[in-house]
Amino acid sequence: MIGIIGKRIVQLILVLFGVSLLVFVMLRVLSPDPASIVLGQQATEQSKEEWRTANGLNQPIIKQYVDFAADALRGDFGKSYYTKVSVQEEIKPRFKATFELTFGATILACLLGIGIGTLCAVKKNQLPDYIGRIVSVSGVCVPIFFMGILLNLFFSNFLHILPSSGRIEPLLKPENITGFVLVDCLLDGNMDGFVDAVKHMILPVITLAMYSMAVIARVMRTNMIETMEKDFILTARAKGISEWRVIWNHGVRNSILPVITVIGVQFGVLLGGAVLTEEVFAWPGIGSYMVEAVLKSDFPAIQATVLLFAVTFVVTNTIVDLLYIYLDPRIRMTN
């Protein structure tokens, strides 16, 4: 286990170096001139040149990257070109909003994916299996933003039973204790706010969870079918063990280990998918923040958010690997 942690630390360093260098160079080469965007098209060349000099954009690109990397190692990602506020301070509340949304979507995707995959395997080539496979294929094929728009139109604009945007009604917003609205509502004893926050989360969570749910369901179905054909399943049934115990104790438990790795990967996918979901539902998360930064060529904000995504993805996969080792004794013995 210590060896895996060491490998992941090295991998994290390499990933961060590669991602930071790639993003840094691409922004300087492909992005529109931020001076023109920040100061406006009517600004003179002299004022643009002074702005670039003040923000270090006139220096050689190698020196710019070295300065950026040195500051990033100290946890300083600079200030936004527009708000003049530290980027890390702007990201903190938005990342918590995205994490809350992504965590809810992950839980939903796991519950539905494992449930549908198990049902499809047990009812192989029967009506539940056909329906489950249609749902899985639809979850993979339908784009996230299109799914979000459809859900928004139906449940919000047509049925009027769920809010269409935002995170919570402003009048019900709890005291900022942890930055997570659901947790803060509970700590504040604000049950009306908690219910309202849950209602705001339903549509974006379903939208974000659909793709990962489909992937998890397909992997679970395949592993479950293979497991249910093993000799120990026949032995368990021959002993007279009830079918639901055979499915749960012997089928699901022996099929779910490979799914754990998929869940870890899908968490990173959900973070990326949150960009589109947050735009559709006006969710004040890091995805919408990054979109705004890209449109405005706000280099410090873009660099910080991309690196945060990379760190989160690598750390999540490390946790999944450690959990896999803990759950599978065979891997513990080989390590």
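1. A crossing of two helices is called left-handed if the near helix is turned anticlockwise from the far one by less than a right angle, and right-handed if clockwise. Helices here are DSSP runs (H or I, at least four residues), numbered from the N terminus. By that convention, the crossing of H6 and H9 is left-handed.

2. The model is predicted: local features need pLDDT of at least 70, side-chain atom pairs count only at pLDDT 80 or more, and totals for chains, interfaces and linings use all residues. Residues are numbered from 1 along each chain as its sequence is written, and side-chain values use heavy atoms, with hydrogens and water left out.

3. Helix H6 spans residues 127–141 and helix H9 residues 191–228; they pack at an angle of about 135°, with their axes 7 Å apart. The axes are lines fitted to C-alpha atoms over the stretch in contact, and angles run from 0 to 180 degrees between N-to-C directions. H6 is therefore oblique to H9, given that angles under 35 degrees count as roughly parallel, over 145 as roughly antiparallel, 65 to 115 as roughly perpendicular and the rest as oblique.

4. Contact means heavy atoms within 4.5 Å. On the H6 side, the residues that meet H9 include Asp-129, Arg-133 and Val-135; their partners in H9 include Met-210, Tyr-211 and Arg-221. By class, this contact of H6 with H9 has 8 nonpolar, 2 polar and 4 charged residues. In this classification Ala, Val, Leu, Ile, Met, Phe, Trp, Tyr, Cys and Pro are nonpolar, Asp, Glu, Lys and Arg are charged, and the others, Gly among them, are polar.

5. H9 also packs with H11, at an angle of about 120° and with the axes 9 Å apart. Here the crossing is right-handed. Among the residues that meet are Met-220, Asn-223 and Met-224 in H9, and Ile-247, His-250 and Val-252 in H11. The contact of H9 with H11 has 5 nonpolar, 6 polar and 1 charged residues.

6. A nonpolar core is a set of buried Ala, Val, Leu, Ile, Met, Phe, Trp, Tyr and Cys residues joined through side-chain atoms within 4.5 Å. Buried means under 20% relative accessible area, exposed over 50%, and partly exposed in between (1.4 Å probe, protein chains only). The largest nonpolar core has 40 residues, and those with the most contacts inside it are Ala-105, Leu-208, Ile-216, Met-220 and Met-224. H9 gives the largest share of this core, 14 residues. Apart from it lies another core, of 20 residues, among them Ala-35, Val-87, Phe-267 and Ile-286.

7. Which residues does Ala-105 contact, leaving aside its neighbours within four places in sequence? They are Val-205, Leu-208, Ala-209 and Leu-270. Ser-212, in helix H9, touches Ala-109, Gln-266 and Leu-270, not counting residues up to four places away in sequence. Ser-212 counts as buried, because its relative accessibility is 1%.

8. Leu-308 lies in helix H14, residues 299–327, and counts as partly exposed at 22% relative accessibility. Not counting residues up to four places away in sequence, Leu-308 touches Ile-91, Phe-95 and Ile-286.

9. Two loop residues deserve a look. Ala-282, in the loop between H12 and helix H13, has a positive phi, near 50°; Ser-297, in the loop between H13 and H14, has a positive phi near 55°. Ala-282 is partly exposed, with a relative accessible area of 46%, whereas Ser-297 is buried, at 1%.
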